[in-house]
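Please keep the sequence and the model in view while reading.

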Amino acid sequence: MRTLKFRVFDGFDYISKPFTLADIQDKKVQFTKDTIVMQFTGLTDRHGVEIYEGDVLSDLNRRFIVVWDDAQARFFTRIARGIKEGQRSIGYCSTHCKIIGNIYENSELLNDQA
């Protein structure tokens, strides 16, 4: 069973270190309702870096955004830029891609020129 971990973006320039639900219950972590919360997917990229919601991953010719699908209760990656449009399994990205940033701190990663 994967550990439920999260990190938050303050809306300006700060992404927190990962924390757990227990940390919230113990009041070790506090944030406002305007804070963006990103959940850990339970997977790592090809370099062993934990993948979170909102991360941008890259293989040789595409960029992917990690998103949560409420209807199917699962994470998947949406192709943000590259050869084909559509979706890709997050499992593919965990073995073939590396994290190059996230949509909150590095929105320019989604530009066609990037």
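Is serine 94 buried or exposed? With a relative accessible area of 12%, serine 94 is buried, since the cut-off for that class is under 20%.

Serine 94 belongs to helix 2, which covers residues 90-96. Once residues up to four places away in sequence are set aside, serine 94 touches Leu43, Thr44, Asp45, Arg46 and Ile51.

This is a predicted model, and its confidence should be kept in mind throughout. The protein chain has an average pLDDT of 86, and 92% of the residues score at least 70. Confidence is highest in strand 4, at 95, and lowest in strand 8 (residues 87-88), where the mean is 76.

Four strands make up an open sheet in the order 2-1-3-4, and their pairing is antiparallel. Strand 2 (19-20) and strand 4 (50-52) each have a single partner strand and stand at the edges, so one side of each is left without a neighbour in the sheet.

Within this sheet, strand 1 (residues 5-9) and strand 3 (residues 36-44) run antiparallel and are joined by four bridges. Arginine 7 has methionine 38 of strand 3 standing opposite.

## Aromatic rings

The structure holds six aromatic pairs. In one of them, the ring centres of phenylalanine 40 and tyrosine 52 are 5.4 Å apart and the ring planes stand at 40 degrees, so the pair is tilted. This pair links distant parts of the chain, as phenylalanine 40 is in strand 3 and tyrosine 52 is in strand 4, 12 residues apart. Both partners are buried: phenylalanine 40 has a relative accessible area of 7%, and tyrosine 52 has one of 2%.

Phenylalanine 40 also takes part in an arrangement with a charged group, for the charged end of lysine 5 sits over the ring of phenylalanine 40, at 5.0 Å from its centre. Elsewhere, ring pairs link Phe6, Phe19 and Phe31 into a cluster.

## Strand 5 and its partners

Strand 5 (residues 55-58) pairs with strand 9 (residues 98-102) in the antiparallel sense, over four bridges, and serine 58 has lysine 98 of strand 9 as its bridge partner. Strand 5 also runs antiparallel to strand 6 (residues 62-69), to which three bridges join it; here the bridge partner of valine 56 is isoleucine 65 in strand 6.

In a regular strand, side chains alternate between the two faces of the sheet. In strand 5, Asp55 and Leu57 point one way, while Val56 and Ser58 point the other way, and all are buried.

At 9% relative accessibility, aspartate 59 counts as buried.

## Other loop residues

Lysine 27, although it is not a glycine, has a positive phi of about 60 degrees. Lysine 27 is placed in the loop between helix 1 (21-25) and strand 3, and is exposed, with a relative accessible area of 63%. Alanine 73, in the loop between strand 6 and strand 7, likewise has a positive phi in a residue other than glycine, near 50 degrees. Alanine 73 is exposed, its relative accessible area being 53%.

Glycine 86 is found in the loop between strand 7 (74-82) and strand 8, and at 31% relative accessibility glycine 86 counts as partly exposed. Apart from neighbours within four places in sequence, glycine 86 is in contact with Thr77, Arg78 and Ile79. Glycine 86 and arginine 2 are 84 residues apart in sequence and, from C-alpha to C-alpha, 27 Å apart in space.

How values were computed: Residues are numbered from 1 along each chain as its sequence is written. This is a predicted model: local features need pLDDT of at least 70, side-chain atom pairs count only at pLDDT 80 or more; totals for chains, interfaces and linings use all residues. Side-chain values use heavy atoms; hydrogens and water are left out. Two strands pair if DSSP finds at least two bridges between them. Helices (H or I, at least four residues) and strands (E, at least two) are DSSP runs, numbered from the N terminus. pLDDT is the predictor's confidence in each residue, from 0 to 100. Buried means under 20% relative accessible area, exposed over 50%, partly exposed in between (1.4 Å probe, protein chains only). Rings of Phe, Tyr and Trp (its six-membered ring) pair if their centres lie within 6.5 Å; planes under 30 degrees apart count as stacked, over 60 as edge-to-face and the rest as tilted. A charge sits over a ring if NZ of Lys or CZ of Arg is within 6 Å of the ring centre and within 35 degrees of the ring normal. Contact means heavy atoms within 4.5 Å.
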